[in-house]
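This briefing concerns aromatic side chains and the charged groups placed over their rings. Please consult the sequence and structure shown here while reading the points below.

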Amino acid sequence: MLSTRLTNAHVLTMDPDHPVAHDVGIWRGRIVGLDDAVTALPAEEVIDLQGATVLPGFIDSHVHLAWAGLKAGTPSVAPCERIEDVLAAVACAASRDAAPGAWVDVAGYDQRALGRHVTAAELDRVSNGRKVFLMHDSGHACVVNTAVLELLPADVPHQDGFLAESAMTAARRLRLPYSQDELADAIEHAGRECLAEGITACAEAGIGGGLLGHSPVEAGAYQLLCEQGRLPLRVQLMAAADTLQEVAAHRADGIPRALGLGLRTGFGDDWLSLGALKVYTDGGMMARTAALTAPYEGMDHTGQFQDDPERLARTIVDGHLAGWQLAVHAIGDRAADLALDALEEAQRLRPRPDARHRVEHAGLIRPDQLPRFARLGVSAVVQPNFLRYFGDDYASVMGEERAPWMYRGQGFLEHGVRLVGSSDRPVTDGSPLRAIQFMVERASTSGRLIGPDEGVTVDQALRAYTVEGAYACRWEDSAGSLAPGKRADLVVLGDDPRRVEPSRIGDIEVVATFVDGRTAEAAPFAKPA
């Protein structure tokens, strides 16, 4: 007997052998058959979907669940557009009951609407004796007050309290790590937000260190959720590269650096597993720290690397030698050069044809770099919603020639590069449907077309969030399409993205999300008053 049979549905399986179905049979969390193979079988539960569209559950291949959940419960300065409004919001946060000298976290900071950065001196006037940490929405910078600056080593660079990249990391390391209980609550909340958008699995893009690690034992928070039955969706964890330690392994192993016990990509189960090694090479476009080969328009700099380029390349090579899949953060084209050079050297030293290395973001990719992605078998893990929401700004700082090269779609596909969709939640909107709409239209919210020749078909965009996401996370045997033997992870939509006008895709209702064949519910979350 089946556990569940979904019937009267318009099922887009993403499986070329059986592309459309009307019935899905589920037993013990797996799909056992489609259509005639299951229509006559008895089932404990039969759900009539009344013609609704069903797709494989969306896979978001690059998220920050802990950060997203913590941000949702943090006072915010968004959408302030005046310095005085930002300072008023900080003053309100700093006035709450807290011990003198305590840390005050404030989220939602973005200098672009303000015309300049807030300064440490301005924060001093409203900090009420607290240490203020004003987090930039990009995750690549912050502004702090003098009480924080006085604790930093003298060689940490800053501009009137503005700290970017490794300087921000230095400030974060002054603080007591979050507890596993705090992180677990935040992860659960963010995971339920994902479910509400039809996402059934995701890759957490860097834990334990790097720019956004929240605790050296951060993986324990995910394990705690699993033990308590509270992990809402499947999660693959990327370990931050600075969590690797030198090891005295056998010479024949060729492993110079590793996690404890030699853990690497692939460890875990269907619910929680260890994915790629996350290596940050540069910053971001919002903070103007993405590493470019030519200056930002109207500026006299080209962004920055996170570390000495040779050390970054060595980390990438060492990770490959240790058997990791690599997820290399490279937003600017100069950073992409570094990533591709290092990956090529790694494959030369120890060929691994199925390493499935990934470049995270691939925000600005020159035409000459596309064949290198293809030749190295590197996937491009892009965030279409960046251009949907920030595209006007990004296009202005890239200029007319480079703007069409941002967050490419068709260019990757034409060169045989796997195009993988993701959000970088909470940097921007996490909705896969809105991202899919942008991938097809290439239009920002203002209506500006950005690289229209990079537009893809609806089917190609859907693949980026299903089939290609599964491949990038090494889940293709169990996810990404609806076929016998695969997980019964799926999303029910109020309309078919292939049949509506592209401008309506982002507004399609997510009717239900199934994980392991069971409907999953989103949960409310109380933001501080």
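The model is predicted. The count of aromatic pairs comes to 4. One aromatic cluster is formed by Phe 386, Phe 390, Tyr 394 and Tyr 407.

**Phe 386 and Phe 390**
- Phe 386 and Phe 390 form a tilted aromatic pair, with 6.2 Å from centre to centre and 45° between the planes.
- Both residues belong to helix α11, which covers residues 384–402, and they are 4 residues apart, about one turn of the helix.
- Phe 386 has a relative accessible area of 3% and is therefore buried, the cut-off being under 20%.
- Phe 390, at a relative accessible area of 14%, is likewise buried.

**Phe 386 and Tyr 407**
- The ring centres of Phe 386 and Tyr 407 lie 5.6 Å apart and the planes stand at 75°, so this pair is edge-to-face; the cut-off for that class is over 60 degrees.
- Because Phe 386 lies in helix α11 and Tyr 407 in the loop between α11 and α12 (410–414), the pair ties together parts that are 21 residues apart in sequence.
- Phe 386 and Tyr 407 are both buried.

**Charges over rings**
- Arg 112 places its charged end over the ring of Phe 390, at 5.0 Å from the ring centre.
- The ring of Trp 475 has the charged end of Arg 487 over it, 5.5 Å from its centre.

Key: Residues are numbered from 1 along each chain as its sequence is written. This is a predicted model: local features need pLDDT of at least 70, side-chain atom pairs count only at pLDDT 80 or more; totals for chains, interfaces and linings use all residues. Side-chain values use heavy atoms; hydrogens and water are left out. Rings of Phe, Tyr and Trp (its six-membered ring) pair if their centres lie within 6.5 Å; planes under 30 degrees apart count as stacked, over 60 as edge-to-face and the rest as tilted. Helices (H or I, at least four residues) and strands (E, at least two) are DSSP runs, numbered from the N terminus. Buried means under 20% relative accessible area, exposed over 50%, partly exposed in between (1.4 Å probe, protein chains only). A charge sits over a ring if NZ of Lys or CZ of Arg is within 6 Å of the ring centre and within 35 degrees of the ring normal.
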